[in-house]
Amino acid sequence: MMALLALASAVPSALLALAVFRVPAWACLLCFTTYSERLRICQMFVGMRSPKLEECEEAFTAAFQGLSDTEINYDERSHLHDTFTQMTHALQELAAAQGSFEVAFPDAAEKMKKVITQLKEAQACIPPCGLQEFARRFLCSGCYSRVCDLPLDCPVQDVTVTRGDQAMFSCIVNFQLPKEEITYSWKFAGGGLRTQDLSYFRDMPRAEGYLARIRPAQLTHRGTFSCVIKQDQRPLARLYFFLNVTGPPPRAETELQASFREVLRWAPRDAELIEPWRPSLGELLARPEALTPSNLFLLAVLGALASASATVVAWMFFRWYCSGN
């Protein structure tokens, strides 16, 4: 009962505030200051019961009307809130010094516009897909935030390989991802199906990380592979790769694979089609970021140790040969 009475008393106050200020719903001024703060400033300028109180309130709102449609970087909202707090303190000081609100309000609004233009801009949304937190922005027109209006599902990418070759998938998006708690999970829809319907996919438990591969690719691997990027269990993007396997492998390679499978009694299982990317030394060295100064130093040390070992072995063999003679 008390809660209903409190709600009933709060609604008229909110309606009164909107009626008095007569502005587009929820401008920046209304987002970062309270009605009691604005009313208190006008009371300090003209007096508690002055006939000019309503005129002061209207002038306050009119001065900041140009900020009604402002959008800012979401991370800058606390900075803007602090700036509005400083502005209210400055207006109170002007009112205490018998200043004029007709001059003080427009001047404060101009200073606030300059502050907003110097804030870090919100990043542009990068199509075609993904939940892009770094592009989140705050809208003064409704005192709320929003992200890009883009789907989580990215368009299907076509990957074509020759049977027996290696198929590689890179779960990479063209927008900035958060640095913490990012995970990757992989799924597969077989039977040559090209789809984004999640009901057709099943988990690939062996696949981890943003890179995965299939080797050797067989006709049974033809279908759609999906990678889901998550942050703390929240999906950020879903990527899809349609793998098309064409043509037979070279005859010698086919015979060699058959021999290995017969000896090891190895048979591929659908649940283990995809595997994590474990690069060889040559593949690592081929990557641009591999040749760092520390890595080059380690390679030089390994080369020197190998050369010294070969020299010692040759010297021992020479002594043994000479002693035998």
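## Disulfides

Cys129 is buried, and Cys154 is buried as well. In this predicted model, the two cysteines form a disulfide with an S to S distance of 1.9 Å. The link of Cys129 and Cys154 is right-handed, with 85 degrees about the S-S bond. It connects distant parts of the chain, 25 residues apart: Cys129 lies in the loop between α6 and β2, and Cys154 in strand β4. The structure holds 6 disulfides. With the bonded cysteines numbered in sequence order, they pair as 1-7, 2-8, 3-4, 5-9, 6-10 and 11-12.

Another disulfide joins Cys125 to Cys148, S to S 2.0 Å. This link is left-handed, with -95 degrees about the S-S bond. Cys125 sits in the loop between α6 and β2, and Cys148 in the loop between β3 and β4, 23 residues apart. Cys125 has a relative accessibility of 36% and therefore counts as partly exposed, whereas Cys148 is buried at 8%.

## The Cys28 and Cys140 link

The sulfur atoms of Cys28 and Cys140 are 1.8 Å apart and form a disulfide. The torsion about their S-S bond is about 80 degrees, so the disulfide is right-handed. Cys28 belongs to helix α2, while Cys140 lies in the loop between β2 (137-139) and β3 (144-146), 112 residues apart. Cys28 is buried at 0% relative accessibility, and Cys140 is buried with a relative accessible area of 0%.

## Nonpolar cores

The largest nonpolar core has 32 residues, of which Phe60, Phe64, Phe84, Met87 and Phe105 touch the most other members. Helices α2 (28-32), α3 (35-46), α4 (53-63), α5 (77-96) and α6 (101-117) each supply at least two residues of this core. The largest share, 7 residues, comes from α6.

Leaving aside residues up to four places away in sequence, Phe60 touches Leu29, Arg38, Ile41, Cys42, Met87, Leu91 and Phe105. Another core, of 27 residues, lies apart from the largest one; Phe169, Leu177, Ala207 and Ile214 are among its members.

## Strand β9 and its partners

Strand β9 (residues 223-231) is mostly covered, with 8 of its 9 residues buried. Strand β6 (residues 182-189) pairs with β9 in the antiparallel sense over 8 bridges. Strand β10 (residues 234-246) also pairs with β9 in the antiparallel sense, over 9 bridges.

Lys230 in β9 stands opposite Thr183 and opposite Pro235 in β10. The hairpin of β9 and β10 has 2 residues between the strands, and Asp232 takes a positive phi near 50 degrees there.

Notes:
Residues numbered from 1 in each chain as written. Predicted model: local features only at pLDDT ≥ 70, side-chain atom pairs only at ≥ 80, totals over all residues. Heavy atoms only, no water. Buried < 20%, exposed > 50% of the residue type's maximum accessible area, 1.4 Å probe, protein only. Helix = DSSP H or I, 4+ residues; strand = E, 2+ residues; numbered from the N terminus. Pairing = 2+ DSSP bridges. Core = buried A, V, L, I, M, F, W, Y, C linked by side-chain atoms within 4.5 Å. Contact = heavy atoms within 4.5 Å. Disulfide = S-S within 2.5 Å.
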